[in-house]
Amino acid sequence: TVSSRGDAMRGLAVFISDIRNCKSKEAESKRINKELANIRSKFKGDKTLDGYSKKKYVCKLLFIFLLGHDIDFGHMEAVNLLSSNKYTEKQIGYLFISVLVSSNSDLMKLIIQNIKNDISSPKPVHVNLALHCIANIGSVEMSEAFGQEVPKLLVSAHASASVKQSAALCLLRLIRTLPEAMTYAEWASRVIHLLNDQHMWLTAATSLIHTLSQLSPGDYKGCVSLAVSRLSRIVTSTYTDLQDYTYYFVPAPWLSVKLLRLLQCYPVPEEPAVRGRLVECLETILNKCQEPPKSKKVQHSNSKNAVLFEAINLIIHIDSEPNLLVRACNQLGQFLQHRETNLRYLALESMCLLAGSEFSADAVKKHRETVINALKTERDVSVRQRAVDLLYAMCDKTNSEEIVAEMLAYLKKADYAIREEMVLKVAILSEKYASDYTWYVDTILKLIRVAGDYVSEEVWHRVIQIVINRDDAQGYAAKTVFENLQAPACHENMVKVGGYILGEFGNLIAGDERSSPLVQFNLLHSKFHLCTPSTRALLLSTYIKFINLFPEIKPTIQNVLQNNNQLRNADVELQQRALEYSQLSSITSQDVLATVLEEMPPFPERESSILAKLKKKKPASVQVSLRIFGVKIVILSTNDNVTSSFFSTVNNSNIEAGMVQLYLAYIQCCFLPIIIELLSKDLDNKNNIFAHCFLVFMFKNSGVLFENALIQVGVKCEFKEQYGRVGLFFGNKTGNQLQNFAAAVSLGPEHQGKINVATQKEPPSQIDGGAQVQHFINLECISMFSGSPNLQLRYQHSSAPQQVTLKLPVIINKFMEGVDMNSGDFFSRWKQLGQPTQETQKIFQARHPIDTEAARTKLTGFGMCALTNVDPNPENLVGSGIIKTKTSQIGCLLRLEPNKQAKMYRLTVRSSVGEAAALICSMLEEHF
Amino acid sequence: MMKFMLLFSRQGKVRLQKWFNAIGDKERKKIIRELVSMVLSRRPKMCNFLDWKDYKVVYKRYASLFFCCAIEESDNELLALECIHRFVEILDKYFGSVCELDIIFNFEKAYFILDEFLLAGEIQESSKNKVLRAVENSDSLQEENQEAEATRSILEEFGLS
């Protein structure tokens with residue numbers, strides 16, 4: 001029924017009808033352009049438009065915008081409508097602004113002024129319009145303008161319930177945008193006590209309290225007991241008690257769920273009475289699900305179950321009531337076979353969490369058969385996905401073989417969307433619960449067979465790592481990959497794994513004439529031409545390894561290496577490998593060859609990188625720290641993807657731990673020293689690795705600065721005021737003397753005059769094999785600088801000149817000293833540094849889990865004093881320090897504000913010298 | 001919190017869009033394109049929830065219109081489904097057996113109703129009667145001026161003003 005209630009705008013309705021009658025896209029565009037031209041001329045015309053016309057045209061523009069067209073005028077007219085004294089014009093003005101004005105609009109000041117007028121209007125309807133607009137736009141400017149005003153409305157004795165409701169959510173939006181928009185402690189007790197309010201407008205208030213509790217849990221912890229008693233009153237009420245707020249016979253489901261979520265912000269209440277009452281509430285909710293339904297309508301069961309699922313979330317959060325956990329699990333078990341797809345989906349999801357609790361893990365496992373069945377029979381991919389998750393979560397030593405087998409079987413027909421994740425899960429489970437490594441190898445190879453395209457690098461890298469580390473798996477692995485490679489069509493990933501493993505352990509099966517060296521080689525080489533360049537490059541490395549393992553087939557392999565297909569290959573990498581390997585095999589003695597091409601040493605034991613990958617895909621399901629896989633693989637596949645995925649792993653992990661690991665990895669790189677040195681293409685990657693290693697020195701003063709096969713450079717620095725002393729330790733890793741050794745600090749043009757360098761003790765010009773020499777440098781910082789000076793090393797090893805350029809860990813923050821101060825001092829200085837040029841602010845995605853303590857440590861390592869009890873919000877981190885140079889002292893203040901929900905940070909640095917603020921901000925932003 | 005709500009037809013035409021946090025215009029269009037095609041490709045009887053990027057998408061079809069919203073990972077899917085239902089009930093009562101055309105021709109009203117029901121991505125008022133009362137209250141303010149305006153509008157449409 002098309003109704004024309006309220007105040008119909010005829011012109012608008014006519015226009016909409018016209019548009020609907022347009023037969024083609026072109027006709028529609030034409031009609032719209034005509035209308036836009038008309039409106040433009042009306043707005044530009046000499047005659048001042050009356051309010052009604054303005055409203056109508058603004059509304060038409062809005063309609064055109066909603067059809068998907070861009071609107072670049074009319075904003076001013078909409079803002080004019082805000083000051084109209086007619087409600088309907090005001091309302092349309094606000095609507096246009098809410099939908100179409102972006103938060104950085106030039107008109108924002110004007111809009112805010114209008115809102116200010118309306119928010120203090122005696123008419124509640126005007127106040128509401130203004131509040132809705134603030135809540136809809138919620139820009140930083142609005143947060144600043146209204147963050148102090150809105151809480152007053154919220155607790156005002158005069159405001160109507162509807163104004164309070166809007167005010168609560170309006171405030172919620174403002175603090176989401178700008179957490180410091182309000183002072184939490186000041187309002188805490190009054191806001192918490194809203195939970196006692198008679199009115200049922202509490203859903204909105206509880207949403208607000210929920211967010212406040214997340215932002216400032218200490219100030220709002222008083223809400224727990226009030227929330228429990230409120231919840232108790234609701235769950236024990238009958239459906240007639242709450243009148244309007246009963247939804248299909250379920251009392252206040254929205255408020256109940258909000259309260260249950262609020263309680264998940266806090267640990268279980270310690271006070272026995274409160275705790276007892278909460279447990280009672282949860283029991284009541286569970287009991288109600290056993291009662292016969294009061295209505296057959298799906299709305300009744302949905303809202304009842306919404307409360308139930310939230311209660312189960314709280315039970316899992318509390319995780320100390322075994323009885324409730326098991327009951328929850330049984331209830332969900334019933335849902336697993338429910339006819340409603342939604343319930344099956346949610347039950348699988350919720351059970352995943354229960355599988356993680358020691359009290360309910362066993363109860364969950366009882367449903368294994370049902371879940372496996374769901375995997376086979378569910379018609380909806382999202383439900384099957386949940387079943388996979390749950391199987392993964394309930395897997396243990398006793399059921400792993402069955403679960404992995406089921407997952408493998410399902411993988412063959414699984415939806416493309418979930419295959420990659422399933423592959424990761426199978427790979428993790430088979431590794432985690434492998435009591436027998438032949439099973440593990442079989443499983444992974446089967447994975448490659450059935451879903452090769454979805455087997456990511458992490459997975460095939462990992463199987464190689466494990467085979468290399470497990471003596472007992474190597475022979476079997478070699479035999480099995482050999483068998484798999486015999487399949488006429490085998491996946492390229494199988495060729496990679498096969499190539500690598502045979503290159504290392506082909507000798508273990510070479511005794512059998514069916515897999516003699518030549519047969520192995522021919523088999524691999526028969527796949528060579530079908531593979532991509534990166535796999536071919538890997539195979540070339542296998543071939544050179546074969547030359548070492550099987551000298552008898554050296555001529556055959558050299559033929560292949562020296563074939564023009566390789567030597568003149570358009571792919572530089574292949575060309576280079578072929579050339580270098582062929583040279584290596586012809587000019588070096590068997591002994592050298594044996595050393596260079598020795599079997600890979602075991603990888604350091606570490607957790608699987610596959611977990612990291614899975615975690616990235618699904619952050620909630622795995623809780624393991626990130627690690628990096630061994631870099632030996634980087635050598636054999638110098639392809640950039642490996643390296644870049646490698647660095648992204650590093651970036652996602654704790655940077656310091658990451659650095660150490662990365663560093664270890666780099667040392668492993670040197671395992672094939674000659675090859676590394678030969679692969680000049682690798683140089684960029686090497687430099688990258690160094691650049692990443694270097695970052696860690698921003699936070700510490702000693703460590704290994706550089707290492708390759710020949711030399712290790714250690715560093716130890718001390719800084720005091722503008723002075724620095726850098727000790728460098730050069731270790732010769734070889735057995736021979738390094739000659740013509742020289743180390744020199746070079747200052748680029750950007751550092752000339754800003755840093756003075758004096759060498760205190762020159763290193764000798766020779767370093768004996770295995771010896772270490774020292775070199776000391778004194779520095780003085782004259783004025784602020786960015787970047788760091790270079791250190792150039794030159795030396796000769798077996799008459800080959802070598803040259804390395806490193807960055808010295810002399811960075812501006814080293815000359816910074818922390819300054820402790822109290823809150824008053826900090827904020828008064830903060831305000832003094834209020835000019836725009838003195839401040840740099842960056843908002844960025846958190847690269848590490850948000851952890852105040854870790855951030856604090858980092859800040860201290862950086863050189864600032866991390867101030868406590870200064871910022872009203874304990875999540876925020878504030879720091880202060882002074883950069884001391886010879887010519888000036890530069891005060892710096894910093895504020896780091898996390899937004900846990902959005903996983904974002906806002907970093908603000910203020911300094912008496914604007915460039916210093918910018919520099920510090922850019923140095924730090926990558927580290928949180 | 002709810003991140004956004006979309007109403008679109010079976011042909012994929014968007015009839016209402018409400019965004020509860022700041023997302024750029026381009027990004028919005030992209031989200032709409034992806035979501036609409038994803039939801040339209042699903043068969044009936046499938047579950048009403050979808051994992052999509054960092055959100056959970058909850059959708060339901062009412063006659064020719066799909067109501068679809070995105071909520072956060074930790075939000076309650078069933079309740080989001082009932083939010084949609086309550087919104088439909090309110091529209092239905094307000095327009096009297098609502099249909100897609102009502103929302104096309106009275107899109108501004110649909111926005112006003114939604115603002116009374118959901119604000120900042122949270123439920124503002126879950127009582128159907130209270131939401132309707134608030135909307136009717138503001139309608140009554142409009143009607144005070146309506147007569148004069150209505151006359152003028154007719155004259156204007158005929159170029160007589």
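The questions below concern the chains, their sheets and their helix pairs.

Student: What kind of model is this, and how are residues numbered?

Tutor: This is a predicted model, in which local features need pLDDT of at least 70, side-chain atom pairs count only at pLDDT 80 or more, and totals for chains, interfaces and linings use all residues. Side-chain values use heavy atoms, with hydrogens and water left out, chains are lettered from A and ligands numbered from 1 in the order in which they are written, and residues are numbered from 1 along each chain as its sequence is written.

Student: What percentage of the residues in chain A is buried?

Tutor: The secondary structure of chain A comes to 43 helices and 16 strands; helices (H or I, at least four residues) and strands (E, at least two) are DSSP runs, numbered from the N terminus. Buried means under 20% relative accessible area, with a 1.4 Å probe and protein chains only. Of the 928 residues in chain A, the buried share is 57%.

Student: Which are the edge strands of the open sheet of five strands in chain A?

Tutor: The order of this sheet is β3-β4-β5-β8-β7 (chain A), with antiparallel pairing; two strands pair if DSSP finds at least two bridges between them. An edge strand pairs on one side only, and here the edge strands are β3 (702-707) and β7 (755-761) of chain A.

Student: Which residue stands opposite E718(A) in β5(A)?

Tutor: Strand β4 (residues 711-720) of chain A and strand β5 (residues 723-732) of chain A run antiparallel and are joined by 10 bridges. In β5(A), the residue opposite E718(A) is R725(A).

Student: What is the bridge partner of L7(B) in β2(B)?

Tutor: Chain B has an open sheet of five strands in the order β2-β1-β5-β4-β3, with antiparallel pairing. Its edge strands are β2 (14-19) and β3 (49-52) of chain B. Strand β1 (residues 2-9) of chain B pairs with β2(B) over five bridges. In β2(B), the partner of L7(B) is L16(B).

Student: Is the crossing of α6(A) and α7(A) left-handed or right-handed?

Tutor: Helix α6 (residues 108-119) of chain A packs against helix α7 (residues 124-137) of chain A at an angle of about 145°, with their axes 8 Å apart. Axes are lines fitted to C-alpha atoms, for helices over the stretch in contact, and angles run from 0 to 180 degrees between N-to-C directions. A crossing is left-handed if the near helix is turned anticlockwise from the far one by less than a right angle, and right-handed if clockwise. The crossing of α6(A) and α7(A) is left-handed.

Student: Why is α2(B) called oblique to α4(B)?

Tutor: Helix α2 (residues 77-95) of chain B and helix α4 (residues 107-117) of chain B pack at an angle of about 130°, with their axes 11 Å apart. Angles under 35 degrees count as roughly parallel, over 145 as roughly antiparallel, 65 to 115 as roughly perpendicular and the rest as oblique. The angle therefore makes α2(B), relative to α4(B), oblique.

Student: Which residues of α4(B) meet α2(B)?

Tutor: Contact means heavy atoms within 4.5 Å. From α2(B), the residues taking part include F87(B) and L91(B). Those they meet in α4(B) are K109(B), A110(B), I113(B), L114(B) and F117(B).

Student: How many residues of α4(B) are buried?

Tutor: The buried residues include F107(B), Y111(B) and D115(B). Helix α4(B) is largely enclosed by the rest of the structure, because its buried residues number 11 of the 11.

Methods
Buried means under 20% relative accessible area, exposed over 50%, partly exposed in between (1.4 Å probe, protein chains only).
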